[in-house]
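Happy to go through this one with you. Let's take a few labels in turn and see what stands behind each.

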Amino acid sequence: MTENTEATPHQVEPWIRQSSASEADEAAHGAPTVDPITRDSAKRFINRELSWLSFNLRVLDEAENTNHPLLERLRFLSISANNLDEFYMVRVAGLVGQVREGIGETSQEGLTPPQQLEQLNQMAGDLMRKQQETWLDLKRQMREAGIDVVEPEQLTDEDTAYLLQVFEAQVFPITTPLAVDPAHPFPFIPNLGFALALALRSRDTNRRLTALLPIPHQVPRFLRLPTLVGTDGPQAGERFITLENMLGLFLDRLFPNHDVLGKGAFRIIRDSDIEIEEEAEDLVQYFESALKQRKRGEVIRLKCEKAMPQDLLSFVAKELEVPERDVILFDGLLGLGNVSELILDQRPDLKFPSYNARNPERLREHGGDIFSAIRQKDFIVHHPYETFDVVVQFVEQAAADPNVLAIKQTLYRTSKQSPIVEALIEAAENGKNVTALVELKARFDEEANIQWARALERAGVNVVYGFVDYKTHSKLSRR
C-alpha cells in the first residue's frame, strides 16, 4: 500500500473544519467520559463462551496465514470446524438446557442464558461464514498446487465409470436408503450424523415419497479419482470428489424407478454434555450409562443446505424436533472438519518440515539408563524440543527393573495404543504393586479411558478414579 503524504488545501481544509467543530462541541458539552469499572461491576468479566469463540476465530486466522504451507492452513481450518462442533455439543448444549428449564439467572458478566445464546449464535454464524470463505480460497489454491476437489459436472466418462465400480464394491453394501412414511418412522440420526433428504416420485404409480439416505461414515468423505493422463503424461495432480456428490450420481440405483423432485444434505449436532452426579454409587457404571445417553442426546443444531426445498426442510426439522432458531442454512461444504483427509502424506512440500525431537544429552551419557541419569542429578525434559519417549522409557524401565516394587501413575488422556498403559500392565504381570488413577472426565475420551481401566484391572492393577468435584488433568508417575 502506498500513502500520499502530499495533500492539497482542499483535502486538508475539511479535516481542519471537522476537528474544530469537534473541539468546539467538546468545549461546550465537556469531554466524553468513560464509566469506571468498579469491583462490583459486571464489566470486569468477559463471557467465557464468547471468549472461546474469539479464540477459535484466531485458530481460523491461522488458516489464512500465507506464511504457513498450504496443507497446514487446511489443517487449521479443519481444527476450527471440529472445535466449533465440540463447543456446541457441550458448552452451547448447557446453555440450551438452561433456557429449556427456564433458568434466567445472569452470569457474572451480566448476561442471561437467552442473551448468551443470541450473541453466541450471531458470532458463530459469522465464524461459519468465514470458514466457508476460507475453504473456497484454500480449495482454489489447492487446485493450483495439484490437489483438486471436483464437482460432478467436471467428471469425465472414465471418472463416472470408475466411481460406479467404487460405489458397487465399497459404498452400496453399507448404504441404507430409507423411506419415511406411516409404516416407516423417521430413523435415528446419530450425533454429527450426515444424511441426504429426498423428495421422490414413483414412475409406476406417480406417488410421492420422502426418503433419507444416511451417509456412511465407514467410507472416506473425499474419494480419490484416477489421475488424468494425456499425451504428455499426467495433466493433473490428485483429484477428489465428496462422498455425497458421488452418491448423488447413483440415486437411480438406490431408488430405482423413482424421479428425484428435490434433495438436500443436512447434519445434526446433539447434546453431548455429561453432568456428574455426586450421589452416583458407581462412577464407572454411571459414565457407561451416560455415554449411551450421549449418543441419543437432544438435537441442538441442524445445518441444512440452502438448496433444500422448503417443504423438505420443514419435514426434517419437525421430525428431529428442532425449533426454527436452531436450523442453520448454509452455502458450501458441510462438515468442514473432514477436510483433514486432504492433507496428503505424498505432498510434504505443502506441509511443515518434519521435526525430530532431540534425545537429552544426559540420557545418552548414561547409555540410555534413565534411573542412572536421575541418580546423578534431577533433570527436566523440555517437550516438544526433547522427545517424549523419555517419559515412556522411564515407565517401561520401571516395569522391568527388579528393584522397583511399586508404581503409582495418574492417567488423563491416552493414545489408542498407549505404551504407558502397556508398561503398567507389564509391571503388574511382573508382580509389582501398580496403582493407576484414571480420570473419567476426559471429555470425549471417557469411553477409551474406561476400556483402558478395565484392561488394567484384568492385569491386576489397582485402579482408582478421579474426584467428582475435580479433574485430574495431568500425568504423574512415582516408583
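Q: Is Phe87 buried or exposed, and what makes it count that way?
A: This is a predicted model, and in it Phe87 has 4% relative accessibility. Buried means under 20%, so Phe87 counts as buried.

Q: Why does Tyr88 count as buried?
A: The relative accessibility of Tyr88 is 2%. The limit for buried is under 20%, so Tyr88 counts as buried.

Q: What makes Trp52 count as partly exposed?
A: Trp52 comes out at 24% relative accessibility. Buried would need under 20% and exposed over 50%, so Trp52 counts as partly exposed.

Q: Why is the pair of Phe87 and Tyr88 called edge-to-face?
A: The ring centres of Phe87 and Tyr88 are 5.9 Å apart and the planes meet at 85°.

Q: What makes Trp52 and Phe55 an edge-to-face pair?
A: Their rings are 6.1 Å centre to centre, with 65° between the planes. The limits are within 6.5 Å and over 60 degrees, so this pair is edge-to-face. Trp52 and Phe55 are three residues apart in helix 2 (residues 48-63), which means about one helical turn separates them.

Q: Which residues form one aromatic cluster?
A: Trp52, Phe55, Phe87 and Tyr88 do.

Conventions
Residues are numbered from 1 along each chain as its sequence is written. This is a predicted model: local features need pLDDT of at least 70, side-chain atom pairs count only at pLDDT 80 or more; totals for chains, interfaces and linings use all residues. Side-chain values use heavy atoms; hydrogens and water are left out. Rings of Phe, Tyr and Trp (its six-membered ring) pair if their centres lie within 6.5 Å; planes under 30 degrees apart count as stacked, over 60 as edge-to-face and the rest as tilted. Helices (H or I, at least four residues) and strands (E, at least two) are DSSP runs, numbered from the N terminus. Buried means under 20% relative accessible area, exposed over 50%, partly exposed in between (1.4 Å probe, protein chains only).
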